[in-house]
Amino acid sequence: MAFKFTILFAACIAVASAGVVPVAAPLAAVAQVEEYDPHPQYTYGYDVKDALSGDSKTQVETRDGDIVQGQYSLNDADGYRRIVDYTADPINGFNAVVRREPLVAAVAAAPVVAAPAPVVRAAPVVAAPAPVVHSAPLAYAAAPAPIIKAAAPLVAAGPAIVKTQFASPLISYAY
């Protein structure tokens, strides 16, 4: 078997060196001319306000050469609006200032002024002697009936057997 591979390999070498199989010419390198703007400038922005989902976000960005300035804002899930002002330049790098503002303006509570309570004079207290009451003599009650305790038979109200099963892709348990 190894002999067959050796013969096939030698035949391929012989054909390649004889020039029977034409070799493809190397491709000439095609130069791509790329546009280069030495001082790029742009301004863009967008604003999304979706009343159905409550989504609200904006972004504005301006570039003049290597200096980029912009701002974006969005509504966070905790009821605040996040506003980010950013700038980027080759000297200071990227800098961002983040502010948070509540979506619902806080309503200033009106100060609570308690009305003065009306002045009421209490009626004079007159002490009257309490009447003297005599109770009837106590009568003795009959002896209570004896309490008899008997053990109730043990009867189960439901089934006494509980079956539990666990299953996984490889092993199944039953108790």
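**View 1. Y42, a partly exposed tyrosine in strand β1.** Y42 has a relative accessible area of 33%, so it counts as partly exposed (buried is under 20%, exposed is over 50%, and partly exposed is in between, with a 1.4 Å probe and protein chains only). This is a predicted model, where local features need pLDDT of at least 70 and side-chain atom pairs count only at pLDDT 80 or more, while totals for chains, interfaces and linings use all residues. Residues are numbered from 1 along each chain as its sequence is written, and side-chain values use heavy atoms, leaving out hydrogens and water. You'll find Y42 in strand β1, which covers residues 41-49 (strands are DSSP runs of E with at least two residues, helices are runs of H or I with at least four, and both are numbered from the N terminus). Together with Y44 and Y46, Y42 makes a nonpolar surface patch of about 280 Å². A patch is built from residues with over 30% relative accessible area and no salt bridge, joining nonpolar side chains (Val, Leu, Ile, Met, Phe, Trp, Tyr) within 5 Å and like charges within 9 Å. Areas come from the Shrake-Rupley method with a 1.4 Å probe, and for residues only the protein chains shown count as cover.

**View 2. E61, a buried glutamate without a salt bridge.** E61 belongs to strand β2, residues 56-64. It is buried, yet the nearest side chain of opposite charge, R63, is 7.3 Å away (Lys and Arg count as positive, Asp and Glu as negative, and His and the chain ends are not counted). For a salt bridge, a side-chain nitrogen of Lys or Arg has to be within 4 Å of a carboxyl oxygen of Asp or Glu. What E61 does have is polar contacts: its side chain meets that of Y42 at 2.7 Å and that of Y86 at 2.5 Å. Such a contact is a pair of N or O atoms within 3.5 Å; within protein, one must be able to donate a hydrogen and the other to accept it, and residues adjacent in sequence count only if both atoms are side-chain atoms. Leaving aside neighbours within four places in sequence, E61 is in contact (heavy atoms within 4.5 Å) with Y42, T43, Y44, V68, Q69, G70 and Y86.

**View 3. Q69 in strand β3.** Strand β3 spans residues 67-75, and Q69 sits in it. Q69 is partly exposed, with a relative accessible area of 48%. Beyond four places in sequence, Q69 touches V60, E61, T62, Y86 and T87.

**View 4. R81, a buried arginine in strand β4.** R81 lies in strand β4, residues 80-89. R81 is buried but forms no salt bridge; D47, the nearest side chain of opposite charge, is 5.7 Å away. Not counting residues up to four places away, the residues R81 touches include S56, T58, S73, L74 and E101.

**View 5. Salt bridges, starting with D85 and R99.** Side chains of opposite charge can pair when their charged atoms come close. The closest N and O atoms of D85 and R99 are 3.4 Å apart, making a salt bridge. Since D85 lies in strand β4 and R99 in strand β5 (residues 93-102), the pair ties together parts that are 14 residues apart in sequence. D85 is partly exposed at 27% relative accessibility, and R99 is too, at 33%. E101 joins D85 and R99 in a network of salt bridges. Elsewhere, K57 and D55 pair up at 3.3 Å, with relative accessible areas of 32% for K57 and 30% for D55. D47 and K49 also meet in a salt bridge, at 3.8 Å from N to O, and K49 counts as exposed at 60%. Across the whole structure, there are 6 salt bridges.

**View 6. The protein chain as a whole.** Zooming out, the chain has 1 helix and 7 strands, in the order α-β-β-β-β-β-β-β along the sequence. Of its 175 residues, 7% count as buried. The chain exposes about 16,700 Å², with carbon and sulfur atoms supplying 66% of that area. Among contacts with a separation of 6 or more, 12% link residues 24 or more positions apart.
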